[in-house]
Amino acid sequence: PHRRVTLGASVARNASRVVGAAEAGNATTRFEGVASFAPFPAFYVSAAGGYTITQSASAPTGNIGLGFSPFPGGALQLGVTASQTLDTSGAVTRFLSPTVRWNIRRGMIFSASYTWLQSPNAVPFDMSSRGLAANLQVIL
């Protein structure tokens, strides 16, 4: 294995059927590729892209993650994750979350994250949410 680059691919098919039901059931096919790259220990990028096909819809899906630690020993860690998914009803959901973690000193850690989630065509209604979380952990 290469210590800086990782690649992968997959194909998956899920099918379900209710015995005796009038409808044929559900089927989902997903194609996905994954890559990660860490040019040096303090930085990484990972990404997955794919295409999901259901009986009611199809859409590209994917996620990306970035991480960076600018100081030796990882005292400060910055990250961001973004994704797009498709559920069996055909609703596309988008997600974004930047994060920070700061090891202030031994036994004291501050972390914070912001989350944005949107599913504009969800059934039965559109969905959107935002959230902010912060945590100060003191270990005695």
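Q: How far apart are the mean positions of the positive and negative charges in this protein?
A: They sit 21 Å apart, counting 10 positive and 4 negative charges. Keep in mind that this is a predicted model.

Q: OK, switching to the fold. How many helices and strands does the protein have?
A: The count is 0 helices and 8 strands. Reading along the sequence, you get β-β-β-β-β-β-β-β.

Q: And what's the radius of gyration of the protein?
A: The protein has 20 Å, whereas a compact globule of 140 residues would be near 14 Å.

Q: What box do the C-alpha atoms fill?
A: Along the principal axes, the box is roughly 65 × 40 × 25 Å.

Q: What share of the residues is buried?
A: Buried residues are 19% of the 140.

Q: Let's zoom in on Gly 8. Which strand is Gly 8 found in?
A: Gly 8 belongs to strand E1, which covers residues 5-16.

Q: Is Gly 8 buried, exposed or partly exposed, and why?
A: Gly 8 counts as partly exposed because its relative accessible area is 35%, and that class lies between the under 20% of buried and the over 50% of exposed.

Q: What does Gly 8 contact, leaving aside neighbours within four places in sequence?
A: Gly 8 is in contact with Glu 32, Gly 33 and Val 34. Take Gly 33: in sequence Gly 8 and Gly 33 are 25 residues apart, yet their C-alpha atoms are 5.7 Å apart in space.

Q: For contacts with a separation of 6 or more, what share comes from residues 24 or more positions apart?
A: Those pairs account for 33% of such contacts in the protein.

Terms used. Residues numbered from 1 in each chain as written. Predicted model: local features only at pLDDT ≥ 70, side-chain atom pairs only at ≥ 80, totals over all residues. Heavy atoms only, no water. Helix = DSSP H or I, 4+ residues; strand = E, 2+ residues; numbered from the N terminus. Rg over C-alpha atoms; globule rule 2.2 N^0.38 Å. Buried < 20%, exposed > 50% of the residue type's maximum accessible area, 1.4 Å probe, protein only. Contact = heavy atoms within 4.5 Å. Lys, Arg positive; Asp, Glu negative; His and termini not counted. Charge placed at Lys NZ, Arg CZ, Asp CG, Glu CD.
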